[in-house]
Amino acid sequence: MNPQILIVGAGPTGLALAYSLARQGVPFRIIDKNAGTGTASRALAVHARILEQYEQLGLAERNIKRGHPILSLDISDGKRVRATVKFHELGKGLSPFPFILSLPQDEHEEILEDELSKIGVRVEWNTSLLSFEDTGVGVNTVMQQQGQPEETAEFAYLCGCDGAGSMVRKDLELDFPGGTYKQLFFVADIETEQPVDDMEKMDMYMDNDGFMLYMNVRNANTKRILGIVPEEFNERTDVEYHDITNYIENKIRVSAAKVNWFSTYRVHNRVSERFAKGRIFILGDAGHLHSPTGGQGMNTGIGDAINLGWKLAAVVQGKADPRILSTYEQERIAFARRLIATTDKAFQTIVNQKLRGTLLREYAVPYVLPSVFKFSFPSKNAFKILSQIHINYRNSLLSKGKAGKVYGGMRLPWIETANGDNFTPLRSVDWQIHIYGKAQPELIDFARSQSLEIHEFAWEAQMKNAGFKKDALYLIRPDGHVGLATDKQWVRVLKMYLEAYGIVAFGAE
């Protein structure tokens with residue numbers, strides 16, 4: 001089959017989109033101007049929602065084995081630990097992955113590329129997109145591999161996963177509004193003489209100079225340190241680790257035997273005015289840039305890829321109306337804007353040297369934060385936000401109805417059942433019906449006639465606690481979000497929903 005989609009950029013977002021499409025049998029090409037996957041750790045955190053979606057694609061186990069879980073965060077003022085946040089306790093019962101996975105971005109990319117190669121997909125490295133044109137019926141492109149003549153090719157769709165300086169976004173003439181923080185930040189990967197005792201802990205240091213975050217990466221002797229460069233170096237472009245060694249070691253009492261990687265950078269917070277234009281889409285850093293608060297950036301880009309991947313697959317294979325593609329921008333740009341606003345506010349508070357920042361460090365951290373995490377409701381909500389399992393697409397064209405506390409657009413709540421859990425069926429990456437209780441014969445017959453999976457879960461009391469209503473109908477999208485929820489098993493309403501969007505199950509011929 002001729003490739004239908006061109007993916008430009010083979011970072012985590014582009015590779016995740018490629019694997020999602022490959023898993024669903026869609027032919028594509030993926031190119032990148034670089035010579036291979038990254039060589040620096042860069043982004044580290046992989047959150048629960050991404051691991052859930054990786055589990056659907058068969059990728060979670062290998063990622064988890066390669067990385068290590070961060071189960072807790074200690075917040076210190078330099079004198080003593082003022083607060084401890086235990087992620088695995090916050091997330092217990094909310095996700096099968098109640099932790100933050102520490103996995104360096106270069107290793108993450110290696111895994112994705114290797115999994116693609118196993119199924120016969122090759123990333124075309126050293127290859128640049130020179131130009132493209134949306135003709136209305138396709139996208140004409142001009143590409144060039146290093147040392148080779150130019151190549152012209154036509155695709156049905158083009159996906160720009162080409163980073164913050166995205167050529168695709170720029171050529172679409174999309175504004176990229178936002179701002180840049182005045183502080184100069186640094187990130188370092190160092191090796192220590194002695195191994196660290198607790199691999200599953202992350203530390204945050206906060207005082208009147210700002211903050212520093214440090215955690216283990218790769219092994220017990222390697223630390224990632226992130227913080228603000230001292231003010232006297234703020235305008236310099238040649239800062240090295242040795243320039244701020246004393247500053248770092250005086251704060252966190254960690255000495256470097258070897259510096260593997262060090263970089264300074266300015267932090268941006270931007271969201272593109274559009275995520276889609278005609279047959280062209282932008283994803284990941286091409287569409288949104290975030291502060292490092294909560295490690296949300298890379299996860300949001302992979303979330304973009306999962307969201308768009310199943311929609312492109314459905315349209316290319318004639319199993320959904322092309323207008324469902326408009327919901328990619330509708331769903332993901334709304335989330336990106338909310339996330340930017342949230343992380344920006346948190347980040348400004350943390351790095352602010354004035355009143356709000358001082359109050360946070362001297363009063364909120366030592367006194368308020370520990371008490372907050374003693375109570376279930378606020379602590380559970382904190383995990384939902386950090387892990388991205390709270391993401392919902394309630395205002396999407398594809399989101400209809402409500403049954404119990406579960407509504408169209410929300411992520412399907414995870415529950416453990418007597419025979420396993422309700423996420424295992426999601427591995428089909430297909431539309432499916434969930435009934436928590438007993439499915440009626442009419443619904444079973446209709447599902448069979450549409451080759452639509454139907455899963456019955458014997459009713460248990462905990463299902464009500466999770467928000468489900470007994471015997472209600474929940475139509476689940478291929479990405480694990482609820483499409484349609486109805487109190488009764490209304491076959492007519494289900495049929496109307498499927499017909500409205502031209503939805504055909506992938507299992508159907």
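How close do the axes of helix α1 (residues 12-23) and α8 come, and at what angle do they cross? The axes come within 8 Å and cross at roughly 30°, where axes are lines fitted to C-alpha atoms, for helices over the stretch in contact, and angles run from 0 to 180 degrees between N-to-C directions.

## Basis of the description

This is a predicted model, in which local features need pLDDT of at least 70 and side-chain atom pairs count only at pLDDT 80 or more, while totals for chains, interfaces and linings use all residues. Residues are numbered from 1 along each chain as its sequence is written, and side-chain values use heavy atoms, with hydrogens and water left out.

Helices are DSSP runs (H or I, at least four residues) numbered from the N terminus. The 20 residues of α8 reach 28 Å from the first C-alpha to the last, close to the 28 Å expected at 1.5 Å a residue, the expected span being 1.5 Å times one less than the number of residues. Of these 20 residues, 19 are buried, so α8 is largely enclosed by the rest of the structure; buried means under 20% relative accessible area with a 1.4 Å probe, protein chains only. After α8 comes G318, with a positive phi near 70°.

The crossing angle of roughly 30° makes α1 roughly parallel to α8, a term for angles under 35 degrees. The contact (heavy atoms within 4.5 Å) is made by P12, T13, A16, L17, S20 and L21 of α1, and on the α8 side by residues including M298, G301, I302, A305 and W310.

## The largest nonpolar core

A nonpolar core is a set of buried Ala, Val, Leu, Ile, Met, Phe, Trp, Tyr and Cys residues joined through side-chain atoms within 4.5 Å. The largest one has 118 residues, among which F281 and L475 touch the most other members, and helix α8 (residues 297-316) gives the most to this core, with 10 residues. Residues up to four places away in sequence aside, F281 touches L308 and L312, among others, as well as Y157, L158 and Y328.

E52 is found in helix α2 (residues 48-57) and counts as buried, because its relative accessibility is 3%. Beyond residues up to four places away in sequence, E52 touches L94, S95, P96, F97, I389, R411 and F423.

A505 lies in the segment after α14 (491-500) and, at 4% relative accessibility, also counts as buried. Its contacts, leaving aside neighbours within four places in sequence, are K319, D430, Q450, S451 and L452, and its C-alpha is 8.2 Å from that of E453, although A505 and E453 are 52 residues apart in sequence.

Notes. Helix = DSSP H or I, 4+ residues; strand = E, 2+ residues; numbered from the N terminus. Buried < 20%, exposed > 50% of the residue type's maximum accessible area, 1.4 Å probe, protein only. Parallel < 35°, antiparallel > 145°, perpendicular 65-115°, else oblique.
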